[in-house]
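Please walk through the model below with the coordinates open. The tour takes up one loop first, then others, then a helix and a chain contact.

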Amino acid sequence: MRPIANTRSAAGIPTGRLAIWWVVGSEIVIFGGLLASYVLHRLGNPEWAGYAAHTNVWLGGTNTFVLLTSSLSAVLAHKAAEEGDGKKAAKLLYFTCLGAAAFVCIKGYEWTTEIKAGFTITSNTFWSFYYTAAGLHALHVIAGGIIMLIVAESAKRNEELHRVEVIGIYWHFVDIVWIFLFPLLYIAK
Amino acid sequence: MTEIVQPDAAQAHDAHAHHADHGEQSFWSKYVFPTDHKMIAMQYMFTGMAMALIGGFMVYAFRMQLAFPGIEVPMYGMVTAAKYNALVTNHGTIMIFWVAMPVLIAAFGNFLIPLMIGCDDMVFPRVNRLSYQIFLLSAVVLVASFFVEGGGFGGGWTAYPPLSAKAEYSLTGLGSSLWLVAVALEFVAFLLGGINFVTTAMNARAPGMKMFDIPIVVWMIVIASILFMASVGPLIAGAVMLFMDQNIGTAFFDPDKGGDPILWQHLFWFFGHPEVYVVLLPAMGISAEIICTFARKQLFAYRTFLYTTFGTGVLSFTVWAHHQFIAGIDPRMAHIFTITTLLISIPIAEMIFIYIATLYGGSIRLTTPMLWALAFVAEFMIGGVTGIFLGASGADIYFHDTYFVLAHFHYTFFPIAIIGAFAGFTFWFPKMFGKMMNETLGKIHFWGTIIPFNCIFIPLFVLGAAGQHRRVYSYENFPDLAIPHFQDMRVFATIALLIMLGFQLVFFYNCFISWRKKEMDAGNNPWRSTTLEWVAESPPPHGNFTELPHCYRGPYEYGNPDREEDYFPQNLPA
């Protein structure tokens with residue numbers, strides 16, 4: 001049952017797209033607060049660069065590549081959906097989900113090696129931030145992947161194709177958060 | 001993909017789509033798991049009222065302890081130091097997050113936005129339902145936290161670490177975690193609700209309703225939702241961090257391992273100060289609607305009112321550290337925050353002047369809602385003026401953490417959360433239930449609340465200025481503060497509180513008999529008001545309007561001599 005309110009567009013923007021931008025806006029503030037706290041701590045504690053040297057830049061870099069590639073297929077899925085080709089959009093979304101899964105697996109491997117080396121979330125404040133920020137981001141990756149499967153399921157039947165764009169916007173946001181996390185947690189020395 | 005719906009096309013589309021969607025509903029889908037915005041509004045309203053009773057009971061228990069230290073409080077028992085801390089902490093938390101927020105933003109926002117912008121529901125009804133369910137869960141978690149081992153959290157509603165971060169300090173390990181989870185869940189609920197409100201007001205307006213035709217109260221709730229969304233994020237992150245500090249042993253706020261407890265204060269107040277405006281703005285909007293209606297005058301300077309609100313919103317993000325003047329921040333920084341804090345009083349003062357200018361020369365009718373609205377303006381002004389003392393960093397060093405702060409705070413939040421809510425409730429009660437409330441009882445309740453309210457908090461200003469600190473459960477061990485003169489003032493405030501709580505029975509009695517009345521005596525538009533919700537039936541059916549209205553004019557065309565009725569409803573063709 002869809003109310004008439006949902007079909008109106010007084011602002012000239014489709015309701016789903018408008019709402020996802022507000023979701024992204026409020027998410028930016030959540031990650032913004034966390035990262036601003038981290039950056040201020042980091043500026044006050046130059047010795048954290050030593051802790052950051054123990055992170056695995058190569059695995060982090062690979063994950064950056066995986067996420068960016070998955071964003072590309074999300075864009076292509078949106079294009080296919082706009083052309084009305086739901087089947088193709090669904091296939092591309094499945095590919096994006098695969099990227100999400102690969103990201104989480106690599107992350108899991110990376111964390112395992114770090115924890116084995118003795119760097120746990122309680123070691124010190126740097127590692128607390130490291131696991132919390134990356135963990136919160138990983139939760140967003142997992143949630144996005146699950147929602148994407150649901151969207152792909154309906155897109156396959158050529159239904160609710162506008163949702164492909166909406167989940168795409170969210171996915172780009174998750175991508176961009178990582179683009180900030182990666183240099184801040186791994187590279188900055 | 002962008003498709004701009006033309007007003008005429010939308011009208012035709014609306015008319016075509018209408019009747020099919022809103023059929024009969026079962027009991028469960030109507031009352032328990034509703035997607036109808038009005039029923040969700042009622043759920044928020046009554047949950048908020050129930051929580052207000054719990055918060056009111058808490059204040060009764062700890063005020064009794066302050067007036068008569070060591071007595072066995074009737075219906076409660078002994079108020080020990082730990083219980084006192086838990087009571088004041090949860091009183092604050094409940095009244096702000098589980099009363100002011102759900103009643104002012106969620107209940108009025110849900111009820112009013114779709115009706116006032118002339119559509120049938122929120123744009124995302126199921127998200128709306130989910131928002132309430134998460135909110136209800138958060139309330140249950142909070143209430144559960146009182147009954148776990150160690151009792152409810154007692155670290156103050158601001159939950160400063162290290163007291164809140166370590167169970168060996170607070171002695172309420174589980175209680176403080178549950179408290180934190182409840183607050184975080186509540187934020188998620190209002191984020192979902194806020195996104196719904198903003199999107200609805202932006203996209204679902206009636207054909208012909210332009211930006212500056214939107215009633216002020218809708219604007220205010222929308223701006224408040226945006227402020228909430230923009231400010232709560234860091235505290236959500238902070239809540240996650242504090243929760244992990246409590247339960248996993250991370251070191252965000254623990255100085256032993258390189259963390260910083262002041263960081264929490266920044267995260268908390270970066271949200272906490274805009275939060276004042278998040279709840280203030282809806283109350284401001286409610287008063288504006290009521291004052292225009294009962295002064296029979298156009299709102300003085302509608303656009304200026306909006307611009308001042310935008311100004312307040314922006315400034316509200318630059319004042320937070322005035323809560324931390326004695327937390328060890330750099331005095332140069334304190335200067336900056338003093339200046340921004342004093343600046344923010346300017347747009348608020350301007351809004352008050354707009355109310356006065358609206359009243360000037362109007363034909364004023366002192367109905368119950370109007371009395372509440374006027375009292376809101378007057379009492380909030382006292383809160384605002386005393387805020388200047390606290391915003392000035394020099395004076396604040398003396399006043400900080402005294403009852404002066406407490407009295408100032410209650411002179412802002414009581415008008416917002418209680419007076420503003422009563423104003424809105426009595427004004428829209430005829431629309432919600434189709435019946436008029438009893439005016440005489442309404443006025444008795446009004447005076448029985450306002451007079452004791454002032455009698456409670458004026459003595460507390462005096463006590464605070466005399467140096468009485470907050471968060472002390474008994475002053476018997478402080479010879480300077482235990483003198484009979486001060487104790488008399490504490491007793492006076494407590495008796496005034498008891499009188500005020502007693503008069504609330506009049507309100508509930510009035511609600512009950514008005515609701516039980518057989519005849520639907522309200523009609524569609526009992527107050528002869530202009531905005532679109534008064535076009536709908538009272539109470540509005542599922543789907544709101546028999547025919548969705550078209551908007552032709554601004555919201556406050558009152559006192560027009562060209563028309564016998566003296567006002568132009570927004571849906572009247574030009």
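**Backbone exceptions, a bent helix and a contact**

B:Asp401 sits in the loop between helix 13 (393-399) and helix 14 (403-433) of chain B. This is a predicted model. Phi of B:Asp401 is near 60°, a positive value, and the residue is not glycine. Why point this out? Most residues other than glycine have a negative phi. How covered is the site? B:Asp401 has 13 C-beta neighbours inside 10 Å, so B:Asp401 counts as partly exposed. The cut-offs are 12 or fewer for exposed and 20 or more for buried.

Look for B:Ala301 in the loop between helix 9 (261-295) and helix 10 (302-315) of chain B. B:Ala301 has 16 C-beta neighbours inside 10 Å and therefore counts as partly exposed.

Next come the peptide bonds. Most peptide bonds are trans. B:Pro161 and B:Pro162 are joined by a cis bond, with omega about 5°. B:Pro162 belongs to the loop between helix 5 (125-145) and helix 6 (167-170) of chain B. Another cis bond links B:Ser538 to B:Pro539, with omega about -10°. B:Pro539 lies in the segment after helix 16 (484-516) of chain B.

Now turn to helix 8 of chain B, residues 216-247. Where does helix 8 bend? The bend is at B:Val232 and is about 40°. A proline, B:Pro234, follows within four residues. What of the span? At 1.5 Å a residue, the 32 residues of the helix should span 46 Å. Helix 8 is mostly covered, with 29 of its 32 residues buried. Just after helix 8 of chain B comes B:Gly249, with a positive phi of about 95°.

Finally, consider the contact between the chains. How many residues does each chain give? Chain A contributes 37 residues and chain B contributes 50 residues. On the chain A side, helix 1 (4-7), helix 2 (15-44), helix 6 (125-156) and helix 7 (162-187) each supply at least two residues. Which of the elements gives the largest share? Helix 2 of chain A does, with 14 residues. By type, the side of chain A that touches chain B divides into 16 nonpolar, 18 polar and 3 charged residues.

Terms used: Residues numbered from 1 in each chain as written. Chains lettered and ligands numbered in written order. Predicted model: local features only at pLDDT ≥ 70, side-chain atom pairs only at ≥ 80, totals over all residues. Contact = placed C-beta atoms within 7 Å. Nonpolar A, V, L, I, M, F, W, Y, C, P; charged D, E, K, R; others polar. Expected span 1.5 Å × (residues − 1). Bend = angle between axes of the 7 residues up to and from the residue.
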